[in-house]
Amino acid sequence: MNRNEISLQDTWDLTKIYEDEKSFNEDLKETKSLCEKLVQQEKTFIDSADQFYQFLEDYTKMDRLLSKLYCYTHLSVDVEPNNQFIKSMEARVMALYEQISQSLTFVDLDIIAHQEVVKDYLKEERFMVYRYNMQETFRQASHTLSKEMEDLLAQIYPLADTGSDVFDALRLEFEPVLVDGKEEFLNSATLTKFLKNENEEVRRTAYHHFYKEYQRFENVFAKTLSSTMKKDAFLAKTRHFEDSLAASLFADQAPSELFHKILEQANEKYRPLFHRYNALKKRLMNKEIMYNYDLSVPLVKSKQRHYTIDECFDIILKCVDVFGDEYTDIIKKAKAERWIDFYPHVGKRAGAYSSGCYDTNPYILMNFIGDYQSLSTMIHELGHSCHTYLSNKYQPPQTNNYRIFVAEVASTVNEMLLIQHLLANTQDKQEKASLLYDLLENCVGLIFRQPMFADFEYKLHAMAEKDQPMSSQIITDLYQQLNQEYFGPDVVLDDLTRYSCYHVPHFYYNYYVYKYTLGMCCALAITARVTKQDTQQIECYLQFLKSGGSKPPIELLQTANVDPLSDQLYDDAFHYFEDLLNEFESLMLEKE
């Protein structure tokens with residue numbers, strides 16, 4: 001399908017950001033002008049409270065404009081990657097971003113150098129919105145370098161991100177898959193559909209057609225991935241962190257023990273539960289040999305659930321009704337004001353995300369195909385968008401932007417509410433078994449799969465930190481080994497599985513994936529209380545959504561009435577999975 005074949009109503013409306021090229025160019029020009037104004041004040045911006053306040057106000061305005069420009073171009077490119085006019089706009093924005101990064105390295109350095117003076121200014125009421133960010137700047141002191149080094153790093157950053165940039169720019173094309181004598185389009189969205197097909201040949205063909213393209217470009221992807229790991233290691237060492245993990249966790253004020261605790265729980269203590277689940281799948285599928293591309297076949301023979309976009313919104317609104325009118329009104333606005341780009345088409349970026357900034361709507365990219373996963377993805381991304389919308393509404397631009405560390409909580413709570421809603425509205429054992437299966441699969445992806453990804457990422461970073469070779473053979477051998485340990489003895493790995501590491505964009509995000517597990521564990525606790533109409537929990541959760549980035553991430557989660565440093569949180573999550581597995585196994589085996 002091509003983009004021009006899709007109804008306008010089913011695409012996002014980016015004219016709400018910029019109506020025309022003229023308005024885009026005006027903001028681009030003003031951003032440049034503000035940057036030049038700030039640079040001219042390098043020697044004087046802390047001389048008085050008035051000068052410092054105006055400097056911060058201009059900096060905030062410039063940052064808002066730049067975010068708006070970037071948001072517009074990245075959204076546009078993700079759906080029209082071959083539109084050279086849009087690509088040129090993106091290039092101009094990125095060039096400006098690099099210029100600003102390089103020109104304003106003095107800001108944090110001078111603030112740190114004049115901490116006592118700045119702290120005195122911050123006592124004034126007008127500086128209240130800047131206090132938290134200033135405290136964060138002071139905390140950076142031991143990892144901030146000399147002006148010459150900061151200037152050098154600012155010039156290096158764009159070059160250091162080349163691996164990630166190349167990965168994002170690559171758009172692979174895949175051979176179609178023959179289904180019932182008809183060729184069907186294959187991409188990352190439709191791959192999921194093919195892997196659920198009961199015909200093993202369809203599953204095998206789709207899997208092979210998809211990942212053999214990653215094999216074909218393995219040396220390219222090995223370079224993009226290894227260069228990203230080396231970049232992270234280089235920056236961590238340069239800024240005097242123990243390792244890349246410590247550097248990543250520093251911004252979230254999270255201890256390394258949190259990361260290792262999650263991996264230990266998922267990859268060691270509770271992994272036998274996942275192996276038990278796979279053994280049950282093999283038994284229910286009655287397969288002598290079960291390949292990893294067989295694992296997505298639905299185990300329950302129930303009516304295939306298909307949803308229109310309107311039906312998805314109806315269900316979602318019922319699921320989140322417990323949060324009140326303000327929350328549901330946001331979701332209604334998302335539909336009415338065209339925040340969402342729904343359907344897959346040639347060239348469109350794979351996957352799904354919610355994006356936006358303080359001065360735009362929170363836009364959602366999807367690859368909607370009308371199955372349950374599409375519904376689940378929609379409510380997930382709307383969770384992000386509602387979080388962003390409420391943060392922007394209740395926080396000033398200085399503290400609206402919450403960190404990735406807490407981002408997955410809002411989306412996962414929504415997903416869990418969807419499952420709970422569907423389970424509560426069925427008396428049919430077959431349907432209940434199907435819903436339990438979907439919930440088990442969701443849990444597997446978040447509390448087992450992501451920690452395996454995190455372990456892979458941790459080991460790659462360790463290689464980079466020790467300056468060890470990272471060829472495609474080394475990378476894919478490691479990934480194959482970790483997958484075999486992950487899936488367990490009842491699953492036979494297809495050899496192309498080793499190349500699936502090149503398909504995961506999150507490996508370029510510097511320790512992102514473990515946060516999915518954290519988000520799921522917190523979401524399970526919140527959802528359990530919300531579904532019991534715990535009004536205190538609902539109020540705490542909504543306050544968390546409105547708090548943006550006004551506190552350290554762990555404190556924000558504690559605002560939501562969950563504690564990520566508690567062992568009990570993770571034990572509860574995996575025991576929840578075990579309870580689901582027990583119930584599902586009982587339902588399925590009673591039919592045998």
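## A pocket, a helix and a buried aspartate

The second largest pocket has a volume of about 330 Å³. The model is predicted, so local features need pLDDT of at least 70 and side-chain atom pairs pLDDT 80 or more, while totals for chains, interfaces and linings use all residues. Residues are numbered from 1 along each chain, and side-chain values use heavy atoms, without hydrogens or water.

**The pocket**
- Among the 19 lining residues, Arg3, Trp12, Leu14, Ser76 and Glu80 are the closest to the centre of the second largest pocket.
- Two elements, α2 (49-79) and α3 (84-103), each give two or more residues to this lining, and α2 gives the most, with three.
- By class, the lining holds nine nonpolar, four polar and six charged residues; Asp, Glu, Lys and Arg count as charged.

**Asp252**
- Look for Asp252 in the loop between α12 (244-250) and α13 (256-269).
- Asp252 is buried, at a relative accessible area of 1% (buried means under 20%, with a 1.4 Å probe and protein chains only).
- Beyond neighbours within four places in sequence, Asp252 is in contact with Arg403, Phe405, Lys515 and Pro553 (heavy atoms within 4.5 Å).

**Helix α18**
- Helix α18 covers residues 404-424, and its end C-alpha atoms are 31 Å apart, which agrees with the 30 Å that 21 residues should span at 1.5 Å a residue.
- Most of α18 is covered, with 18 of its 21 residues buried.

Conventions:
Helices (H or I, at least four residues) and strands (E, at least two) are DSSP runs, numbered from the N terminus. Buried means under 20% relative accessible area, exposed over 50%, partly exposed in between (1.4 Å probe, protein chains only). On a 1 Å grid over the protein atoms alone, a cavity is a set of points where a 1.4 Å probe fits but cannot get out, and a pocket is an open set with protein on both sides within 12 Å along at least five of seven lines; lining residues have an atom within 4 Å of a point. Grid points are joined across faces, edges and corners, and a volume is the space filled by probe spheres set on the points. The expected span of a helix is 1.5 Å times one less than its number of residues.
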